[in-house]
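Please read them with the coordinates open.

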Amino acid sequence: MSETADGNGGGAGAPARRRRRDPEWTYAALLDALLQLIAESGREPTRKAIAERAGVSERTVFVHFADREALHVAAARRQTERWRAEAEPVPPELATDRKVTALLAQRGRMYEVMSPIRRFGLGLEPDSPGLAEVMAAGDAWFRADLAEVFAPELGRDRDALSPGGLLDALEAASSWAAWDHLRTRRGLDGPAARAALERTLRALLAPTAAGPV
């Protein structure tokens, strides 16, 4: 029995048409289109360009997103899902050097996913409370991950959690900002940028290997 265009059949195009009538599919397709276009150009695309990339009508953008802020916040949340998908647990009980290598290998992957979108988002953040909240939550995730991975080392430094202490130093040294500086301003490739950050983290953590300070 052949399929028709209303979902009961109609050939190869029917599955795509059914997907476009699925609100969840359309919502995701619009966000993916926005993120793709930003990554390609570094600029905010028009609603028409987003709709064309997603394969839907321009009106559909306004159906799913009340305003520009809602669109940006939703895209930021979807982008968070993308870079979080690169995260793999680093066991705190591993040797310090092995943890540094594993942590920065995963962060390199995450930061490469993040970079084109984060650069764009930083320009919007001051005027977008919702976007600022999503980005702050991402920063908090990275800090909490550091605290968990290096809990044994931090526990051997009595001032580790104080302002300007070891955790702050580790956060700065392994941050996206440090990665982006090495990749874009210094022109390093991924392995070289990772090697530079590894040297910094190992130097910061070296004193904790000898016991309490």
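1. Of the 213 residues in this predicted model, 39% count as buried. The accessible surface of the protein comes to about 11600 Å², and carbon and sulfur atoms account for 53% of that area.

2. The secondary structure consists of 11 helices and 0 strands, so the note on packing below concerns a pair of helices. Among contacts between residues at least 6 apart in sequence, 62% join residues that are at least 24 apart.

3. Confidence should be kept in view when reading the model: the mean pLDDT is 90, and 88% of the residues reach 70 or more. Over residues 1–15, however, pLDDT stays under 50, although the model has 19 contacts beyond four places in sequence for this stretch. Where pLDDT is low, predicted coordinates should not be read in detail.

4. How do the axes of helix α5 and helix α7 cross, and within what distance do they come? The axes of α5 (residues 68–84) and α7 (residues 129–149) come within 8 Å and cross at roughly 15°. Angles under 35 degrees count as roughly parallel, and α5 and α7 are therefore roughly parallel to each other. The crossing in which α5 passes α7 is right-handed.

5. For the residues that make up this pairing, α5 contributes Glu69, His72, Val73, Ala76, Arg77, Thr80, Trp83 and Arg84, which meet a set in α7 consisting of Pro129, Gly130, Leu131, Val134, Gly138, Trp141 and Phe142.

Methods. Residues are numbered from 1 along each chain as its sequence is written. This is a predicted model: local features need pLDDT of at least 70, side-chain atom pairs count only at pLDDT 80 or more; totals for chains, interfaces and linings use all residues. Side-chain values use heavy atoms; hydrogens and water are left out. Helices (H or I, at least four residues) and strands (E, at least two) are DSSP runs, numbered from the N terminus. Buried means under 20% relative accessible area, exposed over 50%, partly exposed in between (1.4 Å probe, protein chains only). Contact means heavy atoms within 4.5 Å. Accessible areas come from the Shrake-Rupley method with a 1.4 Å probe; for residues, only the protein chains shown count as cover. pLDDT is the predictor's confidence in each residue, from 0 to 100. Axes are lines fitted to C-alpha atoms, for helices over the stretch in contact, and angles run from 0 to 180 degrees between N-to-C directions. Angles under 35 degrees count as roughly parallel, over 145 as roughly antiparallel, 65 to 115 as roughly perpendicular and the rest as oblique. A crossing is left-handed if the near helix is turned anticlockwise from the far one by less than a right angle, and right-handed if clockwise.
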